[in-house]
Amino acid sequence: MDKMKDLAYYNGKITAIDDMMIPANDRGFYFGDGIYEAAMVFDHKIFALQDHLDRMFNSAAMLRIELPYTKEEVGALLTDLVQKLESSCQFLYWQVTRGTSPRNHLFPGKGVSSNLYVYSKPWSGVQMSDEYRLISIPDTRFYHCNIKTLNLIPNVMAAQQASEAGCNETVFVRDGFVTECSHSNISMVKDGVFITHPLDNLILPGTERKHIIRYCGELGIPVEERAFTLEELYTADEILVTSTSHPSMRAMELNKRAVGMKNPELIQKLRDKYLSEIGK
């Protein structure tokens, strides 16, 4: 089979992304009733695949979506799919919805299986920046941000607000404390300590956040998992915005105020760890 420029997979069918057809009665269409994951692919190998599979199955369990396959089966499928693309560097996305059935708020009855959709496309490479600009807004989202659900309208609106303000990301603030960004985790460095919000129902358990904490342990960098305020963020030595597709975005502006950029050596050590893990 010739290599493809991009591909989509839906319940066993493989096509180019633009050619994929999904039933209108897929509950993802009506209710956003599903969960998703995204991973980077380097040299046709999925980075941190097990972390993404663990989070996928945790999210599905919290939403009571039954998965008719094991982690190993999903991993094998994804691994096979990324071999079919020409590009060795890819962005891989997959989602599971509760199934296909006529619109009804109640879960479908027995016999309705969940739907698995996957797509993969070429990616330009590792995304790292020293010129990230941020704005902050109140965090008015629901209280299940730890589930990687398809319900992302508040995040979409926040990301658009940042773009219209000439910024790259939006920082959510809830009850005086910074939680995360519209599509990223946010952490800070102060006096040589890496500080990040604890894992609870207010933030997504980011895979890159997990790896950075591990890198800190290997490098002897102290870590504090605690809530911090916007004022603390203004005075931080460094502000680091992280996600699967943008693993190391260093903020230099927050609400039009110059911030961070005071400990480049520590940030470079963390970046070097990431690059060594993906073989770059």
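The model is predicted: local features need pLDDT of at least 70, side-chain atom pairs count only at pLDDT 80 or more, and totals for chains, interfaces and linings use all residues. Residues are numbered from 1 along each chain as its sequence is written, and side-chain values use heavy atoms, leaving out hydrogens and water.

**Stop 1: α2.** Select residues 49–62, helix α2. Helices here are DSSP runs (H or I, at least four residues), strands likewise (E, at least two), numbered from the N terminus. Buried residues (under 20% relative accessible area, 1.4 Å probe, protein chains only) in α2 include Leu49, Leu53, Met56 and Phe57. The buried residues of α2 pack against β3 (34–42), β4 (45–46), α3 (71–82), β5 (90–97) and α5.

**Stop 2: α5.** Axes are lines fitted to C-alpha atoms over the stretch in contact, and angles run from 0 to 180 degrees between N-to-C directions.

Now show side chains. Asp51, His52 and Arg55 in α2 meet Thr207, Lys210 and His211 in α5; contact means heavy atoms within 4.5 Å.

**Stop 3: positive phi.** Next, go to His44, in the loop between β3 and β4. His44 is not a glycine, yet its phi is positive, about 60°. Finish at Asp175, between β8 (169–174) and β9 (177–181). Asp175 is also a non-glycine with positive phi, about 55°. Asp175 has 69% relative accessibility, so it counts as exposed (over 50%).
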